[in-house]
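Please read them with the model open beside you.

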Amino acid sequence: MATAVFQKLPRQPKRVILQLRVDQFIDCLQNDFEEAIEKYFVVSGRSMSEIHLGRHFIHIEPFQSDDVPQKYFHIVLDLEQSQGPVAFCTLPHELFHIRRVGKGMQLLKTNNQLIAENLLSKIRSYTDELYPWGSTRV
């Protein structure tokens, strides 16, 4: 279903969506989100310092209220955001899963391309609208 990811990815504007399980992050702190982001950055050969330099923009989906069932939430990374504006219809998108493993985290990517495209399409139905490229919605 999903395998660990250990490849370097090209440096071009793209949107990366990290899908996390709510039940694994209920009592999380800011550094838990940073650790999840760092998992992607390490695998892609990037440094967390790139965020502080303004190269990338991060959107973190808030948890829903208790009366709305929510199994997953997402961290959306706009990579090389200063190279925008971009057209979402042509912007490359990638989907990864973050899972807690013991005291750490693991970055996974779905092996089945059809499943990945279907899931990405569902997620994009709201992320493209709610998260403008490289900025927050006003």
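1. In this predicted model, helix α1 runs over residues 30-43, and its 14 residues reach 21 Å from the first C-alpha to the last, which is close to the 20 Å expected at 1.5 Å a residue. The helix is followed by G45, whose phi is positive, near 75°.

2. Which residues of α1 are buried? They are D32, F33, A36, I37, Y40, F41 and V43, and what covers them includes the strands β2, β3 (57-60), β4, β5 and β6 together with the helix α2 (49-52).

3. The largest nonpolar core holds 22 residues, and those with the most contacts inside it are L18, Y40, I75 and L77. At least two residues of this core come from each of β2 (14-21), α1, β4 (72-79), β5 (93-101) and β6 (104-110), with α1 giving the most, at 6 residues.

4. L18 deserves a look of its own: once its neighbours within four places in sequence are left aside, L18 is in contact with A36, I37 and Y40, with F73, H74, I75 and L77, and also with F96, I98 and L107. Another core, of 6 residues, lies apart from the largest one, and among its members are V76, L95, L120 and I123.

5. As to confidence, the protein averages a pLDDT of 88, and 92% of the residues score at least 70. Confidence is highest in β2, at a mean of 95, and lowest in strand β1 (residues 2-4), at a mean of 58. Where pLDDT is low, the predicted coordinates should not be read in detail.

Conventions. Residues are numbered from 1 along each chain as its sequence is written. This is a predicted model: local features need pLDDT of at least 70, side-chain atom pairs count only at pLDDT 80 or more; totals for chains, interfaces and linings use all residues. Side-chain values use heavy atoms; hydrogens and water are left out. A nonpolar core is a set of buried Ala, Val, Leu, Ile, Met, Phe, Trp, Tyr and Cys residues joined through side-chain atoms within 4.5 Å. Buried means under 20% relative accessible area, exposed over 50%, partly exposed in between (1.4 Å probe, protein chains only). Helices (H or I, at least four residues) and strands (E, at least two) are DSSP runs, numbered from the N terminus. Contact means heavy atoms within 4.5 Å. pLDDT is the predictor's confidence in each residue, from 0 to 100. The expected span of a helix is 1.5 Å times one less than its number of residues.
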